[in-house]
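Dear colleague,

I am passing on the structure below, together with some notes on what was found in it. Please read the notes with the structure open beside them.

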Amino acid sequence: MRKGLAALAAFIVILGTGSAVAEEVLKLATTTSTYETGLLDEIFPPFEKKHDVQVHIISVGTGKAIKIAENGDVDIIMVHARAAEDKFVADGYGVNRRDVMYNDFLIIGPAEDPAGIRGMTDAKQALVRILESGGTFVSRGDDSGTHKKERLLWSKAGKQPGGAGYVEAGQGMSATLRMADEKNAYVMLDRATYLFNRDRIRLEKMVEGDSDLFNPYGVIAVSPYRYPHVKYELAMALIAWVTSPECQKRIGEYKRDGEQLYHPDAASPLE
């Protein structure tokens, strides 16, 4: 994983002068899934080298990433909750949203599958069946993109989750997955996180292929009109990079055990 992310700046000693120049820092709030699966280590170094900048990553759920940006505490966000992203822009906090990539969500669970959901293609009905069967479901419970998607599925099913079998982790995706695995419970997660962790868990794939499980990621610069202090030009340079053919190729080629974690989706890359 990336080193030194807690530091807000690094200092470079210029040989022969003895003086020090602060390396410029671009602050990005992004989802735990993009960070924990190692994608950012793959796609950011060329940008950092070209622009002599350090991308300081704040890895949180999408809801918190957006809130941090609404406070003007970062320069750019990369998240995965389209309705919340559109509202962020419409409310004047962000500008120039671009599609970056997509994957999908899965529901996984214990091999014995007590709820009998294996092979279902209707994710919302699978969730209902888990709780009605007395099974245990571990939710992110943190207003992340995954949690927002889960709540949308409950809403479409006309159900309100709760009861002893509904556990809210309030943690990132990998931590929530570990909790579900320890409890031998069901959990919904993005495919990249599943592929990155499947050799470490007992839980098995149960539900996939529902169009409701589509999971697009977008990148948005924080508005310089609302927050003049943000590094808008660098943010736009990063947007241009992640939507460029070169970076899109890197995203498409990023795999785990031969399987693709993310699919490039920049329909109109910035020049």
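Leucine 28 is buried, because its relative accessible area is 0%, where under 20% counts as buried; please bear in mind that this, like everything below, comes from a predicted model. The residue sits in strand E3, which covers residues 24–30. Setting aside residues up to four places away in sequence, leucine 28 touches Phe44, Val55, His56, Ile57, Ile58, Val74, Ile76, Ile77 and Met78. Arginine 118, by contrast, is 90 residues from leucine 28 along the chain, and the C-alpha atoms of the two are separated by 38 Å.

Glutamate 48 belongs to helix H3, residues 45–51, and it counts as buried because its relative accessibility is 14%.

Turning to the nonpolar cores, the largest has 49 residues, and those with the most contacts inside it are Phe44, Phe47, Ile108 and Val242. Helix H10 gives the largest share of this core, namely 8 residues. A second, separate core has 20 residues, among them Met120, Ile130, Phe137 and Val207. As for isoleucine 108, its contacts, leaving aside neighbours within four places in sequence, are with Leu177, Ala185, Tyr186, Val187, Leu189, Tyr194, Ile201, Leu203, Glu204, Lys205 and Met206.

Helix H11, which runs over residues 245–253, has Cys247, Gln248, Ile251 and Gly252 as buried residues. Seen down the axis of H11, these buried residues fall within an arc of 140°, and they therefore line one face of the helix. In an α-helix there are 3.6 residues a turn, so residues three or four places apart point the same way. Which elements cover the buried residues of H11? The cover includes helices H2 (39–43) and H10 (232–242), together with strands E6 (94–109), E12 (255–256), E13 (259–260) and E14 (263–264).

The last point concerns a pair of helices, H4 (residues 62–70) and H5 (residues 82–90), whose axes come within 11 Å and cross at roughly 5°. Angles under 35 degrees count as roughly parallel, and H4 and H5 are therefore described as roughly parallel to each other. Where the two helices meet, Ile66, Ala69 and Glu70 are the residues from H4, and Ala84, Glu85 and Phe88 are those from H5.

With best wishes

Methods:
Residues numbered from 1 in each chain as written. Predicted model: local features only at pLDDT ≥ 70, side-chain atom pairs only at ≥ 80, totals over all residues. Heavy atoms only, no water. Helix = DSSP H or I, 4+ residues; strand = E, 2+ residues; numbered from the N terminus. Buried < 20%, exposed > 50% of the residue type's maximum accessible area, 1.4 Å probe, protein only. Contact = heavy atoms within 4.5 Å. Arc of directions from axis to C-beta. Core = buried A, V, L, I, M, F, W, Y, C linked by side-chain atoms within 4.5 Å. Axes fitted to C-alpha atoms, helices over the stretch in contact; angles between N-to-C directions. Parallel < 35°, antiparallel > 145°, perpendicular 65-115°, else oblique.
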